[in-house]
Amino acid sequence: MAHISLVLPFALPAPEFAPDLTRALQAPALATLLSKTSTDQYRPLDAEARVLPHELWVARALGLARGLVPGVAASAMRGLGLDPEGGMWFVVNPTHIQIARTHLQMGDTRALDLREPEARALFDSARPCFEDAGHALVWGGPDTWFMRADDWTEIATASPDAAVNMNLTDWMPSGPQARAFRKLQNDVQVTWFTDPANAAREARGQLPINSFWPWGNASIATEHAQQLVAKAAGKAAARPRVAAFEAPGWLTALAERRLADLAELDALLDDGGDWLLACGNVAAPGIASDWSGWLQQMQRLETGLFAPLLAALGRGRIKTVRLVLSHRDGHLETTTTPMAQRKFWRRPTLERLL
């Protein structure tokens with residue numbers, strides 16, 4: 001039988017809107033999964049973290065976290081068939097940074113709709129800037145590149161989803177290598193300012209790609225060290241297999257199974273084993289505070305995911321379902337089993353989303 005850990009970033013609504021949204025959400029299967037549980041706990045995100053709760057949760061589940069840092073770059077490269085060799089690698093996301101009223105601000109990279117031909121052109125024009133600074137730049141996908149920077153061992157970075165729509169003064173890379181980052185960033189910005197790919201984007205009414213964001217740094221050596229520490233502490237556990245649905249590039253790269261449709265859940269369950277299924281379709285409306293869109297995406301999960309999982313529990317196809325639902329400030333983790341689903345005295349409710 002399968003064990004499913006379902007990771008749903010931004011499936012917890014913002015607290016100030018949660019009462020109205022839970023009343024509007026018609027999700028009886030989710031209510032049952034959340035109410036008839038064997039364990040449940042809300043965990044606030046550490047105030048020092050520069051990533052989102054689900055990003056840290058996934059990294060820890062896969063043995064890729066160094067304290068509060070999700071070191072996912074090397075594993076993501078391997079997932080895409082790339083060789084990280086022995087270097088220190090960063091995930092690099094091309095992005096758009098703009099001047100708000102009083103500060104710099106980065107928008108959601110999902111909204112950029114960066115297509116492969118223009119992404120390739122921007123990658124090719126930026127690569128000499130990286131190489132001149134002594135850093136290799138490797139293509140992973142239109143919105144996911146990788147930079148080797150062996151000497152950037154002490155830089156502190158944030159994930160782009162943690163920094164989105166925030167005052168970037170507080171979120172820019174910091175530490176001894178921050179000055180080197182700013183110089184490289186400036187060189188790339190100058191190069192992209194006149195790039196034909198950006199001119200074409202602006203002609204179509206799209207935002208230009210005018211900066212890049214590095215984060216998730218890791219190497220094979222650091223991954224190995226993390227695994228040894230976990231083993232010595234008796235915390236080493238079998239790594240789950242990863243599946244992804246409409247997830248960002250780094251998370252999709254970590255996935256063994258990349259679902260194009262939620263209907264593929266049935267085949268996932270047939271495989272059995274321990275699965276971590278990350279679904280990112282709620283993130284964009286959650287980040288944008290588009291609560292109508294949030295309700296639509298949650299209803300989509302109710303039909304395509306929550307109801308089938310609940311039915312599979314009832315038929316004994318699944319041994320456990322762990323739900324990891326998050327917003328910016330923390331995550332709710334619940335576990336249910338076929339035995340827990342027999343708790344008939346527990347009324348199905350969405351109150352756990354509050």
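**Loop, strands and pocket**

Reply: Q177 sits in the loop between α6 and α7 (178-193). The model is a predicted one.

Me: Is Q177 buried or exposed?
Reply: The relative accessibility of Q177 is 11%. Buried means under 20%. Q177 therefore counts as buried.

Me: Which residue has its backbone oxygen 3.3 Å from a polar atom of the side chain of Q177?
Reply: Leaving aside neighbours within four places in sequence, Q177 is in contact with D151, W152, T153, E154 and I155. The backbone oxygen that lies 3.3 Å from a polar atom of the Q177 side chain belongs to D151.

Me: Where is T349, and is it buried or exposed?
Reply: T349 is found in the segment after β15 (330-336). Its relative accessible area is 16%, and the cut-off for buried is under 20%. T349 is therefore buried.

Me: What does the side chain of T349 reach, and at what distance?
Reply: Apart from neighbours within four places in sequence, T349 is in contact with A31, L34 and S35. Its side chain also reaches a backbone nitrogen, that of E351, at 3.1 Å.

Me: Why is strand β14 described as largely enclosed by the rest of the structure?
Reply: Strand β14 covers residues 318-327. It is largely enclosed because, of its 10 residues, the number buried is eight.

Me: Which residue of β14 is the bridge partner of V7?
Reply: Strand β1 (residues 2-9) and β14 pair in the parallel sense, over eight bridges. The partner of V7 in β14 is V324.

Me: Which residue of β15 is the bridge partner of L323?
Reply: β14 and β15 run antiparallel and are joined by seven bridges. The two strands form a hairpin, with two residues between them. In β15, L323 has as its bridge partner T334.

Me: Which element gives the most to the lining of the second largest pocket?
Reply: The second largest pocket has a volume of about 490 Å³. β5 (89-95), β8 (136-141), α6 (160-163) and α10 (249-254) each supply at least two residues of its lining. The element that gives the most, with four residues, is α10.

Me: How many residues of the lining of the second largest pocket are charged?
Reply: The second largest pocket is lined by 26 residues, and D143, T144, A247, P248 and G249 lie nearest its centre. Of the lining residues, 11 are nonpolar and eight polar. The number of charged residues is seven.

Note on methods: Residues numbered from 1 in each chain as written. Predicted model: local features only at pLDDT ≥ 70, side-chain atom pairs only at ≥ 80, totals over all residues. Heavy atoms only, no water. 1 Å grid on protein atoms, 1.4 Å probe; cavity = no way out; pocket = protein on both sides within 12 Å on 5 of 7 lines; lining within 4 Å. Points joined across faces, edges and corners; volume = space filled by probe spheres on them. Nonpolar A, V, L, I, M, F, W, Y, C, P; charged D, E, K, R; others polar. Buried < 20%, exposed > 50% of the residue type's maximum accessible area, 1.4 Å probe, protein only. Polar contact = N/O pair within 3.5 Å; in protein donor to acceptor, adjacent residues only side chain to side chain. Contact = heavy atoms within 4.5 Å. Pairing = 2+ DSSP bridges.
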